[in-house]
Amino acid sequence: MICALMLSPDINAQREGWKQDKTRDGKVLVNYNFLEKKDENGKKFNVLEFEAVTTAAVSVESCLAVLTDDSRHKDFMEDAEHTERIKDISEDEWLSYYKLKSRWPMPDTDVVTRYKLELKPDKNSFILTGYPAPDMYPEQGLKRMQESFSRYTITDLGEGQTEVTMYSKSVPVASIPKMLLKTWIPNGPANLVNGIVRLAQEGN
């Protein structure tokens, strides 16, 4: 069992070993760190961590409308085949379910995430944090990801500009070749934040 502390949000502040890249158009900055570790039985696993940041002419409200509509998450997450909100926990907390497309060398996978939405008035921003909640929804016959943490920060910069930041840290259910991971940077994370912006602009 991989220690849940590995995905502590506090680790986000520790940038040792991180690398940085930009998309060809220079509009998305991606910071990332991919580690290969071994558990107590000597089995290899990956820890994938990245942060993608972009700025666009879109409203905070439109971005929030995309992020809080779980059925639309599959429209900006390339590996998501099905996404839905399965339970409201409180006014600003809910449970979401993701079925991920099978892609070599990964088995069919699903993810259960507990989201919490917070307003940071002093920074003119909203933060949507996703915590791993694998035991809060019945098994669906797929390999369930046990460790997956995410944070979306939507910040109003004024003059019609909004900054969209996505941070993610996860442990995939199967080890992924490093060469394959490298081909995913920077466009993989960039497509996620660009997808949020695109959907938000289409909704205006």
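Which residue in S5 is the bridge partner of Thr83? Here are some notes on this predicted model, starting with that pairing.

1. **The S4–S5 pairing.** The bridge partner of Thr83 is Tyr98, in S5. Strand S4 covers residues 80-90, runs antiparallel to S5 and is joined to it by eight bridges. The two strands are connected by a hairpin of two residues. You will meet Tyr98 again below, as a contact of Met77.

2. **A charge over a ring.** Have a look at Arg85 and Trp94 too. The charged end of Arg85 sits over the ring of Trp94, at 4.0 Å from the ring centre.

3. **The largest nonpolar core.** This core has 40 residues, and the members that touch the most others are Leu67, Phe76, Met77, Tyr152 and Val164. Several elements supply at least two residues each, among them strands S2 (28-38), S3 (44-57) and S6 (109-120), along with helices H1 (60-67) and H3 (187-203). H3 gives the most, with seven residues. As general background, nonpolar side chains in soluble globular proteins tend to be buried together.

4. **Met77 as a meeting point.** Leaving aside residues up to four places away in sequence, Met77 touches Tyr98, Tyr152 and Leu192.

5. **Helix H1.** Six of the eight residues of H1 are buried, so this helix is largely enclosed by the rest of the structure. The buried ones are Val60, Ser62, Cys63, Leu64, Val66 and Leu67. They pack against strands S5, S6, S7 (125-132), S9 and S10, and against helix H3.

6. **Phe76 and Tyr152.** A search of the whole structure finds seven aromatic pairs. One of them is Phe76 with Tyr152, an edge-to-face pair with 6.4 Å between centres and 90° between planes. It links distant parts of the chain, 76 residues apart: Phe76 lies in the loop between H1 and S4, and Tyr152 in strand S9. Phe76 counts as buried because its relative accessibility is 5%, and Tyr152 counts as buried because its value is 1%.

7. **Phe149 and Tyr167.** These two also form an edge-to-face pair, 6.0 Å centre to centre and with 65° between the planes. Phe149 is in strand S9 and Tyr167 in strand S10, 18 residues apart. Phe149 is buried, at 2% relative accessible area, and Tyr167 is buried, at 1%. Together with Tyr131, they form one aromatic cluster.

Note on methods: Residues are numbered from 1 along each chain as its sequence is written. This is a predicted model: local features need pLDDT of at least 70, side-chain atom pairs count only at pLDDT 80 or more; totals for chains, interfaces and linings use all residues. Side-chain values use heavy atoms; hydrogens and water are left out. A nonpolar core is a set of buried Ala, Val, Leu, Ile, Met, Phe, Trp, Tyr and Cys residues joined through side-chain atoms within 4.5 Å. Buried means under 20% relative accessible area, exposed over 50%, partly exposed in between (1.4 Å probe, protein chains only). Helices (H or I, at least four residues) and strands (E, at least two) are DSSP runs, numbered from the N terminus. Contact means heavy atoms within 4.5 Å. Two strands pair if DSSP finds at least two bridges between them. Rings of Phe, Tyr and Trp (its six-membered ring) pair if their centres lie within 6.5 Å; planes under 30 degrees apart count as stacked, over 60 as edge-to-face and the rest as tilted. A charge sits over a ring if NZ of Lys or CZ of Arg is within 6 Å of the ring centre and within 35 degrees of the ring normal.
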